[in-house]
Amino acid sequence: MILDPTNENYDKIGRAELALYEVIDPELMVNIVDLGLVYDVDIKEGNKIKVTMTLTSPHCPMGDAIQTGVINVLEKEFPDHEIEIDLTFEPAWNYDMVSSEGMQQLNNR
Amino acid sequence: MAKISIGKAPGNSAILPFYATGAIMFFVLCVLMIFSPESFTQHYFTPHLLTMVHVAALGWGTMIIFGAAHQLLPVICEQDLYSERLASFVWYTLTAGMILLTSNFWNLTVGWLMIAGGSLIVISASLYLFNVLKTTHVCDRYSIQKLFITSSAVWLLFTVTVGLLLAINLKFPFFKQSHLEILKLHAHAGFAGWFLQLITGVSTKLVPMFLLGKSNKDFLLKWAFAFQNLGLILFLIDGYFIGVTARVIIYAAIVLIGVIFWLLYLYDTFKNRLRKRIELLMKHAFLSFLALVISILLIPAVYFSNGYRWATLYGTLLFMGWITSIILGKTFKTLPFIIWNDHYKNFSGKVKVPLPKDLYSEKLTIWQFWTFIAAFLVFALGIILQQVIIIRIGAVLWAVVAVLYNINVFKLLLHKRKKIS
C-alpha cells in the first residue's frame, strides 16, 4: 500500500493505516499491514472509509476475527465514519507481499 | 461489509465434545496400559489388547480427528460445513458405540451388545462420510486435499463395516477365511486408508499454513494418493482371496513410496518457508512421520520373525508414535484458535485481548514433548525385551503425558473470558 501525499485525504488515510497496524493476525502474531493483507485504504464521500484487503487464504479460520479487528480499530479512530471492507482474493495474497519488517517479526515468533 | 463470504466456523458442539472425549480416552488408554502390561508380550488377539487398540483407534484417534475435521473441512473446501447438527450428532453415536464395543472386548463378551457397539460406529462413519461428501461436493476448485479427505472417509466406513462383520463373526461365524486374516485386512484398511490418507490430506494444507511455506510440486501429492491407495487395495484383494503372504512386503513398499512422495512434498514446503523458527509443536509432527516410516520398515521383521514382539512394536509405533504424536502437536495448533474465536473475536482491535497462545500453558507442552519421547522409548524397550516391568514403567510415563495433555486441553475448554479493560 503506497500513500499518495497529493491525495486530499492524505492525513486521514495515514491515520487509518496507522490504526490498522494494531490489527494482529492471531496465528502469525504479526500486524496485517506488514503481512501485506491491506491492499488499499480510500476515503469516499467524506465520511466513508473503504479498506480493500485480503486474507492469507479464503476461509481462513481467523478471517472473521481479522475483519472485526479492522472495523473495531477504524471505528475507534474515526467514530463518526462508516467503515466498509472490500474483501478480495485477486490478486491472491502471497509471501512476497510481506514487508521486510513483517519478515523480521515472523522470524522472531 | 465484505462482498465475499468467508464462511463461518462450525458451532462448538460440532468440535469441542470430540476434543474433550478424545483427551479423556487418551488418559483411559494409558491407565489400561498400566493395568495390563502383559498384553504387550502376548498374541495381539487378546481381549485386553483388543480393547486398548480400539480405545486408541476410536476413542483417541478418530474422536480427535472428527473434531478437527469438522473445523478444518470448511478451511480446506472453502465452504461451510454441510451440516453442523449432523456433526454434533455423530459424537453421541461414536461415543456410545466406542464404549459399548471396548467394554465388551475387555472380557470378550461376544453378542448383541458388541454388535450394537459396532453398528453405532458404522452409523457414525456413514454420517461423517455423508457430511464430508456434501461439503466437498460444492467445492469450486479441484484440490488434492479434498480427494484425500473424501477417500479417507470412504476407507473409514469400509474399515468399520469390516469391523462390524468381525464382531458378528465372533457370535455367528460366517467368514470362510480365518478371523485373524480378516482382522489384518481390517486393521490395515484403518491404518493406510483412514488414518494415513486423512493425515496426508490435512497435513498438506496445515503445514504450509503454519510454516508459511509453499510448494509447487503438487504432482508429488497425486503420486502419493495413487501409491497409498494402490498398495492398500492390492493388499486387501490378495489378502482376502489368497491370504496374507510374503507379498505383503511388496504392498508395504508401494504404500511406503506413497508416504515418501507425501513427505517429499512437506519437505519442499519446509525448505520454502517464511517462518524460520520451528515450534516445538511442529517437532511433534516430525517425530510422528519418523515413527510412521520406521513402522513400515519393520513389516518384514513382523512377517518373518517368530513371537509377537515386532508385531506389537509395529502397532505401538503406529498408534503411540505416529498418530499420538501428530495429535499431541496439532491439538495446540487448532484448539486454542477455536476457543479464542469464541471468546475474543469481537473484541479484536477494540481492547487488548490475549492471543490464542496465551490460553494454554506452553511450558506444559515442553514437558509433554520430552515425556512423550521418554514414554515412547521406555515402552518400546520393554516390548523389545519383553519385560513387563519396563512396559509398565513406560505406561506410567504415558499416563504422565496424558495428564499433561489433559490439563492443557481442559484449561482451554474451560477458559473463561478475562475481564476486558
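Helix axes are lines fitted to C-alpha atoms over the stretch in contact, and the angle between two axes runs from 0 to 180 degrees between N-to-C directions. The views below are of a predicted model.

**Figure 1. Packing of helix 2 of chain B against helix 11 of chain B.** Helix 2 spans residues 47–77 of chain B and helix 11 spans residues 309–344 of chain B; their axes are 11 Å apart and the packing angle is about 30 degrees. Because angles under 35 degrees count as roughly parallel, helix 2 of chain B is roughly parallel to helix 11 of chain B. The crossing of these two helices is left-handed. From helix 2 of chain B, the contact uses V53(B), A56(B), A57(B), W60(B), G61(B), I64(B) and Q71(B). Helix 11 of chain B supplies F319(B), I323(B), T324(B), I327(B), L328(B) and I338(B). By class, the residues of this contact of helix 2 with helix 11 of chain B are 10 nonpolar, three polar and no charged.

**Figure 2. Packing of helix 6 of chain B against helix 11 of chain B.** Helix 6 of chain B covers residues 179–211, and its axis lies 12 Å from that of helix 11 of chain B, at an angle of about 30 degrees. Helix 6 of chain B is therefore roughly parallel to helix 11 of chain B. The two helices cross in the left-handed sense. On the helix 6 side of chain B, the residues in contact are H188(B), F191(B), F195(B), L196(B), I199(B), L206(B) and F210(B). They meet Y314(B), L318(B), F319(B), W322(B), I323(B), I326(B), K330(B) and K333(B) of helix 11 of chain B. This contact of helix 6 with helix 11 of chain B holds 12 nonpolar residues, one polar residue and two charged residues. F319(B) and I323(B) take part here and also in the contact of helix 11 with helix 2 of chain B.

**Figure 3. Packing of helix 9 of chain B against helix 12 of chain B, with K363(B).** The axes of helix 9 (residues 280–297) and helix 12 (residues 362–385) of chain B come within 10 Å and cross at roughly 20 degrees. Helix 9 and helix 12 of chain B are therefore roughly parallel to each other, and their crossing is left-handed. Helix 9 of chain B contributes L280(B), L281(B), K283(B), H284(B) and L287(B). Facing them in the contact are T365(B), I366(B), Q368(B), F369(B), F372(B) and I373(B) of helix 12 of chain B. Seven of the residues in the contact of helix 9 with helix 12 of chain B are nonpolar, three are polar and one is charged. K363(B) also belongs to helix 12 of chain B. With a relative accessibility of 62%, K363(B) counts as exposed. Between the C-alpha atoms of K363(B) and A57(B) there are 28 Å in space, and the two are 306 residues apart in sequence.

Figure 4. A14(B) is buried, at a relative accessible area of 1%. Beyond neighbours within four places in sequence, A14(B) is in contact with G67(B), H70(B), E84(B), A87(B) and S88(B). The C-alpha atom of W91(B), 77 residues away along the chain, is separated from that of A14(B) by 7.9 Å.

**Figure 5. Contact between chain A and chain B.** Chain A gives 34 residues to the contact and chain B gives 35 residues. About 3300 Å² is buried between the two chains, and carbon and sulfur atoms account for 62% of that area. E27(A), H59(A) and Y95(A) lose the most area on the chain A side, together 24% of what that side buries.

**Figure 6. Backbone details at P91(A), M29(A) and Q386(B).** The peptide bond joining E90(A) and P91(A) is cis, with omega at about 0 degrees. P91(A) sits in the loop between strand 5 (82–87) and helix 3 (100–108) of chain A. M29(A) is not a glycine but has a positive phi of about 60 degrees. The loop that holds M29(A) runs between strand 1 (24–25) and strand 2 (30–31) of chain A. M29(A) is buried, at a relative accessible area of 15%. Q386(B), not a glycine either, has a positive phi of about 55 degrees. Q386(B) lies in the loop between helix 12 and helix 13 (388–413) of chain B, and at 21% relative accessibility Q386(B) counts as partly exposed.

Key
Residues numbered from 1 in each chain as written. Chains lettered and ligands numbered in written order. Predicted model: local features only at pLDDT ≥ 70, side-chain atom pairs only at ≥ 80, totals over all residues. Heavy atoms only, no water. Helix = DSSP H or I, 4+ residues; strand = E, 2+ residues; numbered from the N terminus. Parallel < 35°, antiparallel > 145°, perpendicular 65-115°, else oblique. Left-handed = near helix turned anticlockwise from the far one by under 90°. Contact = heavy atoms within 4.5 Å. Nonpolar A, V, L, I, M, F, W, Y, C, P; charged D, E, K, R; others polar. Buried < 20%, exposed > 50% of the residue type's maximum accessible area, 1.4 Å probe, protein only. Buried area = accessible area lost by both parts, 1.4 Å probe.
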